[in-house]
Amino acid sequence: MAQTNSTETARCDVDAVFDCLSHRHRRYLLDLLRGRTSMTESDLATHIVAWERAKPLIEVTRRECKETLSTLHHLHLPKLAASGLVERDETDQTVTVTDNPVLQTASVLDAIDTTTTDSHDSLDAVFDVLATERRRTMLSILAGQYHPIKRRTLARDVVAQEADIDEKDVSVDEVDAVLASIHHVHLPKLLDAGFVEYDAEAETVTYEGHPALRVEWVESSMGNEISETVASDEESGDIQTIDGRSNIISYGQSLCEYADDELFLLFTKTGLLEAGCFTRIADAVDRGVDVYLGSPDSQVRERVKERMPGVTIWEPKRDWLNLPSSEGRVGRLVFADREAVMLGTLGELEQGVHQESAIAGRGTNNGLVTLMRELLNPRLGLLEAEGHDIQSPL
Amino acid sequence: MMAKLPSDADFDSVEPDEVYSLSADDRPSAAVYTTVAELSGQQALEMVPLAETIDPEALDLMFDGPKATEANAIFRYADYYVVVTSEEIRFYEVDTETS
């Protein structure tokens with residue numbers, strides 16, 4: 001309850017920001033205040049009522065605003081001010097938006113843009129889930145799973161991640177306490193919002209994902225501020241290196257979200273296609289993106305075929321992209337719109353899991369992207385020509 | 001049909017079955033489900049999720065910080081009436097015969 005150190009404070013701020021975003025009126029207020037110097041509380045109330053009832057500002061009566069104005073004054077504005085997103089001037093009852101970096105984050109701007117957002121209820125639920133660090137940690141663990149995960153295993157992973165210790169150093173008491181909080185508090189929330197499915201008999205949690213969820217919101221539990229894995233619209237000639245399996249997974253997932261036209265995926269080993277990837281691929285298909293997925297695992301191919309009939313699937317038979325001078329070999333490849341790429345290589349096996357590292361590039365003229373285009377265009381042409389039922393291995 | 005929840009005053013003359021003293025870093029919601037589980041002779045995981053009765057996080061927020069000294073909350077969870085104040089949580093077994 002009492003905040004003991006600065007890290008704790010920073011984490012709480014992320015909770016508070018997501019909590020602010022979990023009500024559509026507060027999202028609308030932030031959108032209104034952006035780009036304006038300041039607004040009075042009664043102006044804000046008038047705008048909300050006009051928006052809610054879809055009528056011109058001039059037709060909104062003082063009576064209609066009364067209830068909204070008191071909710072603003074007693075609930076929404078204190079919350080927004082406490083999280084540092086707005087400043088209030090008590091004497092003349094005006095509100096000003098602050099230069100908090102959260103409000104420069106592309107994914108947050110998208111979420112508060114009421115003209116493009118149609119599912120307000122589902123965004124409320126998503127931000128409500130995100131408003132607690134433990135649930136963000138749970139989501140980040142779940143999105144990295146290939147199979148349903150035992151509830152107790154999830155609790156142990158959460159303890160290890162929260163305390164930044166190895167799973168084997170986690171005490172039974174800590175796992176019990178976290179497991180109880182998952183049972184009584186967090187799992188019901190995730191179930192309500194449709195993020196997971198729970199099998200009470202097997203005590204397993206299956207990650208379903210959510211179309212409105214963005215990777216960088218979940219990953220904000222890792223750092224202490226909201227960061228973006230794919231920077232807004234910056235194109236760069238640089239080639240980025242990414243270390244660590246979880247960072248690679250989330251970068252790959254953010255590329256899946258980034259694709260508008262075409263998504264080309266290759267996973268050379270079983271187990272590289274996590275549940276979180278599945279849902280993002282399905283979302284891409286729903287957006288009308290042409291998705292091509294290669295996997296040597298017939299089970300994966302069957303599963304994808306069953307769950308996502310719109311995906312073109314094939315079996316990569318040849319030695320795909322063996323990099324001659326590299327120490328490892330290609331494990332996963334994500335190529336979005338032929339202008340952003342991530343190439344992950346598999347290294348030494350450690351406790352049954354390959355060490356991974358990846359290189360990534362973004363922008364039409366990026367060196368790595370150009371190289372990948374040269375290498376892959378002939379094969380992509382072949383895939384397009386053969387259509388949705390590729391029988392022969394490429 | 002569920003009986004009407006007793007009011008604060010109804011508990012004044014009754015001795016609670018259990019009292020839990022809240023310390024500064026306690027989350028009231030966790031104290032509620034662990035204590036009711038103990039009183040019912042069950043494991044916390046065997047109990048119906050507290051979230052199906054009240055919003056546990058709303059309860060924690062309600063008693064978070066010095067501004068909460070005047071607040072209290074009364075609700076029923078499993079076979080107990082639970083009275084939460086900023087200092088303690090009192091548990092009263094529901095008389096299932098009369099309710």
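This is a predicted model: local features need pLDDT of at least 70, side-chain atom pairs count only at pLDDT 80 or more; totals for chains, interfaces and linings use all residues.
**Stop 1: a helix crossing in chain A.** Select residues 151–163 of chain A, which is helix α8, and then residues 172–192, helix α9. Their axes come within 8 Å and cross at roughly 110°, so α8(A) and α9(A) are roughly perpendicular to each other. The crossing of α8(A) past α9(A) is right-handed.

Now show the side chains where they meet. On the α8(A) side, pick residues including A:Arg151, A:Leu154, A:Val158 and A:Val159.

**Stop 2: aromatic rings in chain A.** Over all chains, the structure has five aromatic pairs. For one of them, select A:Phe127 and A:Trp217: the pair is tilted, with 4.9 Å centre to centre and 45° between the planes. A:Phe127 sits in helix α6 (residues 120–130) and A:Trp217 in helix α10 (residues 215–219), so the pair ties together parts that are 90 residues apart in sequence. Both A:Phe127 and A:Trp217 are buried.

**Stop 3: over to chain B.** Select B:Phe11 and B:Tyr81. Their ring centres are 6.0 Å apart with the planes at 65°, so this pair is edge-to-face. B:Phe11 lies in the segment before β1 and B:Tyr81 in strand β3 (residues 80–85), so the pair links parts 70 residues apart in sequence. B:Phe11 and B:Tyr81 are both buried.

Methods: Residues are numbered from 1 along each chain as its sequence is written. Chains are lettered from A and ligands numbered from 1 in the order in which they are written. Side-chain values use heavy atoms; hydrogens and water are left out. Axes are lines fitted to C-alpha atoms, for helices over the stretch in contact, and angles run from 0 to 180 degrees between N-to-C directions. Helices (H or I, at least four residues) and strands (E, at least two) are DSSP runs, numbered from the N terminus. Angles under 35 degrees count as roughly parallel, over 145 as roughly antiparallel, 65 to 115 as roughly perpendicular and the rest as oblique. A crossing is left-handed if the near helix is turned anticlockwise from the far one by less than a right angle, and right-handed if clockwise. Contact means heavy atoms within 4.5 Å. Rings of Phe, Tyr and Trp (its six-membered ring) pair if their centres lie within 6.5 Å; planes under 30 degrees apart count as stacked, over 60 as edge-to-face and the rest as tilted. Buried means under 20% relative accessible area, exposed over 50%, partly exposed in between (1.4 Å probe, protein chains only).
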